[in-house]
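Here are my notes for a first look at this entry. Please keep the sequence and the 3D view open as you go through the points.

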Amino acid sequence: MNGINKVLVLPNGVLLKNRIVKSAMSEALADEHNNPTQAQIDLFAQWSVGGAALLITGNTPVDRMHLEHAGNFVLDAHSDMKQVSALVAAAQSGGAKVLVQLAHAGRQTPEAINAHPTSISNVKLNLAGYGEPVPATEAEFGIIIKKFVHSAKLAQDAGFDGIEIHAAHGYLLSSALSPRINTRTDRWGGTLENRARLALDVVRAVRAAVDPRFIVAIKLNSSDFQKGGFDHAGSVEVAIMLQDEGVDFIEISGGNFEEPTAYQHTSKNGSTKAREAYFLDYAVAIKAVLNIPLMVTGGFRSANIMNDAIENGKTDLIGMGRPFITEPSFAAKLLNGTIDKAPAIEQDFPPADTLPRGAVLSWFCAQLALAGKTGQPDLSLSVIEGHESYMQQIKITTDKWIETRRQ
Ligand SMILES: Cc1cc2nc3c(=O)[nH]c(=O)nc-3n(C[C@H](O)[C@H](O)[C@H](O)COP(=O)(O)O)c2cc1C
């Protein structure tokens, strides 16, 4: 049994040297023109030598008016392709492969960036700081699909090994899948086939436009975990539809901004100690209907749980996020047996219900920025200090972004 150390050949023939993947984490380190900075490039150079077979960038918008954060790096006709190629070279310098995660934030675009973002409907996000979404017209869907294709082709030109389409966590493609958000009565709403149309059309158009060896993956919710949202039965069916469109693997996560299930935080002193690998049970039903590889992300920390999941055919790839922030090269140690558990600093944090909403996530975002800018995180920062520093950082980056557009 050599679980996470096994190689994996993807359907398009590309070989991954082991089963560990750094999942997408929004670096928010781009400059005011949304080009990658040296800090972001340095981060990927660190991760590349860290042992993971595959690195996935943070969400990278295909449309400048639909960012998740003013510091997102964008791939479009205005991108500085020299910087983008430098990012790719750094990410591959230690032998890892790298995908760019292409996204459209839809109604989850912050109001300061766009007060009227294009979405699947006019159903507003139930959180402060987000504007009044406008339902996409038939013509706009065509434009959005073309933007995904254009960004994918730019990614291929820049040397990325492939893309991951973000259809999870409440972003545009994910919100389209949700009957709670997608209230349309035309061919983009109603039945599951109609709600899946946008994601399927994007995959089909991208797959047709790129080289067969270019990886096309997708991140999908196992469920939104919201009443009336995209549910598990729907997720199993959509996974089959995506497989039929030729994706090379599907990554499973869950939740959205309103229901942030993807970043659960197991606290040793919390009364409800969450399990590890919290989407794995959901993923098993999806894996059972697929013949392409599956990646599961969320809460994996112990080598024995990862090895068991691989050996027992519950997943093919293990995605991890937060451990890469606190220790960029932990994967190599996990693979050679020097450690038997990935860093899990969040387990020492106070229970989530005693902290401001999103504080643990913002602590990690602040550390990610620090790791890029200074070469290492500052683990002495308390959750509250990290949270507050990240809130300030968002304001500074957003103000600069708005100012640049005024000039
Ligand atoms: C700082 C941070 C930023 C994230 N940004 C993204 C993102 O841009 N796209 C995405 O699909 N997931 C994003 N995630 C979610 C991770 O990919 C992953 O699903 C989640 O952290 C759970 O895995 P973990 O328990 O190993 O951290 C982010 C997570 C963190 C901590």
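1. Start with D63. This is a predicted model, and in it D63 sits in the loop that links β4 to α2, the helix of residues 81-92.

2. Is D63 buried or exposed? D63 counts as buried because its relative accessibility is 12%, and the cut-off for buried is under 20%.

3. Next, look at what D63 meets. Leaving aside residues up to four places away in sequence, D63 touches H104 and K147. With K147 there is also a polar contact: the two side chains are joined at 3.2 Å.

4. Now step back to the fold around this loop. Which strands make up the barrel? The barrel is closed and has 8 strands, in the order β3-β4-β5-β8-β9-β10-β11-β12. Their pairing is parallel. On average, neighbouring strands of this sheet are turned by 25 degrees against each other, with direction ignored.

5. β9 covers residues 215-221 and β10 covers residues 249-253. The two pair in the parallel sense, over 5 bridges.

6. Helix α1, residues 38-48, lies across β3 (20-22) and β4 (54-61). Its direction is at about 155 degrees to β4. Helix α7, residues 280-288, lies across β10 and β11 (294-297). Here the angle to β11 is about 170 degrees.

7. Turn to the ligand. How many residues surround the ligand? The count is 23, and the closest are A24, Q101, G299, G321 and R322.

8. At A24, a polar backbone atom is 2.6 Å from an oxygen atom of the ligand. At N59, a polar side-chain atom lies 2.9 Å from a ligand oxygen atom. At H166, a polar side-chain atom lies 3.2 Å from an oxygen atom of the ligand.

9. How much of the ligand does the protein bury? Taken alone, the ligand exposes 610 Å², and the protein buries 98% of that. Two elements give two or more residues each to the shell around the ligand: β4 and α11, the helix of residues 359-374.

Definitions and conventions: Residues are numbered from 1 along each chain as its sequence is written. This is a predicted model: local features need pLDDT of at least 70, side-chain atom pairs count only at pLDDT 80 or more; totals for chains, interfaces and linings use all residues. Side-chain values use heavy atoms; hydrogens and water are left out. Two strands pair if DSSP finds at least two bridges between them. Helices (H or I, at least four residues) and strands (E, at least two) are DSSP runs, numbered from the N terminus. Axes are lines fitted to C-alpha atoms, for helices over the stretch in contact, and angles run from 0 to 180 degrees between N-to-C directions. Contact means heavy atoms within 4.5 Å. Buried means under 20% relative accessible area, exposed over 50%, partly exposed in between (1.4 Å probe, protein chains only). A polar contact is a pair of N or O atoms within 3.5 Å; within protein, one must be able to donate a hydrogen and the other to accept it, and residues adjacent in sequence count only if both atoms are side-chain atoms. A residue is near a molecule or strand if one of its heavy atoms lies within 4 Å of it. Accessible areas come from the Shrake-Rupley method with a 1.4 Å probe; for residues, only the protein chains shown count as cover.
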